[in-house]
Amino acid sequence: MKRLEEMSAVFQSSGVERHPPEPKSQTEGSKDSGGKEQPWEMVMDKKHFKLWRRPIAGTHLYQYRVFGTYTDVTPRQFFNVQLDTEYRKKWDALVIKLEVIERDVVSGSEVLHWVTHFPYPMYSRDYVYVRRYSVDQENNVMVLVSRAVEHPSVPESPEFVRVRSYESQMVIRPHKSFDENGFDYLLTYSDNPQTVFPRYCVSWMVSSGMPDFLEKLHTATLKAKNMEIKVKDYISSKPLEMGSEAKATSPSPERKGETSRSPPRIEYA
């Protein structure tokens, strides 16, 4: 529990939260009418995996928090596999589409369009979100943050249900270094999947789906390590630390030529 508290404090003080003011997010409503924080409820308690949830006031939704440990892969490998969109298309069978829409050439921040299968009989969901990451060499910690946004290049499609409320924050703290096996991670997550199912059904889907996704991510990391699958090293390739303000943007190579107008600036970088 001490490590969990330390990692939570690291996220609160991390530079990735230094972005311009935005509309109030759904997780800012995790307080009751008296302004008191809702308590976390334990949902799953395993040796190397603990899952909590707490209600988001005024909604039928929950915010989730996961604290986990892996000892057979390095933090760098785990971090890079999460960010490598091309590799994810191979190991995540739920992915229908995953592409970078826009990339900030200074900070490395990216806007992505992600379409994923949902359990039958629900329609597939699509997400447009910005992701930002920070690697603090001095304090030996990595932070990855994602949040739903709107983007003119990706209008809603009648084929999918657009998820407009989505937030994810992960802190990774190595046991030793970025390149030695062993680390703890803290994931805080919430989204509104736009379903008509009761709250307990949505909670069950998230509570069961999240551990499954994290285990698939872990397995993909192991596979990349053992089979020496080439995965992009985002730590080495990142232009600047996330604390720096972005001054330029460029469209993703996948979408060049689609439009002649200059891309909108990523205001979350």
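**Entry: confidence.** I began with the pLDDT, which averages 80 over the chain, with 71% of the residues scoring at least 70. Residues 15-29 have a pLDDT below 50, and this stretch has 31 contacts in the model beyond near neighbours in sequence. Residues 239-248 are also below 50, with 25 such contacts. I remind myself that where pLDDT is low, the predicted coordinates should not be read in detail.

**Entry: around β2.** Next I looked up strand β2, residues 49-55. Is it enclosed or open? I found 5 of its 7 residues buried, so β2 is largely enclosed by the rest of the structure. On one side I followed its antiparallel pairing with β1 (residues 41-46), which has 5 bridges. There K46 stands opposite F49, and a hairpin of 2 residues links the strands. I then traced 7 bridges between β2 and β3 (residues 62-70), again antiparallel. R53 has Y64 of β3 as its bridge partner. The hairpin between β2 and β3 has 6 residues between the strands, and G58 in the turn shows a positive phi of about 80 degrees.

**Entry: around β7.** Then I turned to β7, residues 141-148, where 7 of 8 residues are buried. Which strands does β7 pair with? I noted β6 (residues 125-136), antiparallel to β7 through 8 bridges, and β9 (residues 166-174), antiparallel through 6. For partners, I wrote down V135 with M142 of β7, and L144 with M170 of β9. The β6 and β7 hairpin has 4 residues between the strands, and N140 takes a positive phi near 60 degrees.

Technical notes
Residues are numbered from 1 along each chain as its sequence is written. This is a predicted model: local features need pLDDT of at least 70, side-chain atom pairs count only at pLDDT 80 or more; totals for chains, interfaces and linings use all residues. Side-chain values use heavy atoms; hydrogens and water are left out. Buried means under 20% relative accessible area, exposed over 50%, partly exposed in between (1.4 Å probe, protein chains only). Two strands pair if DSSP finds at least two bridges between them. pLDDT is the predictor's confidence in each residue, from 0 to 100. Contact means heavy atoms within 4.5 Å.
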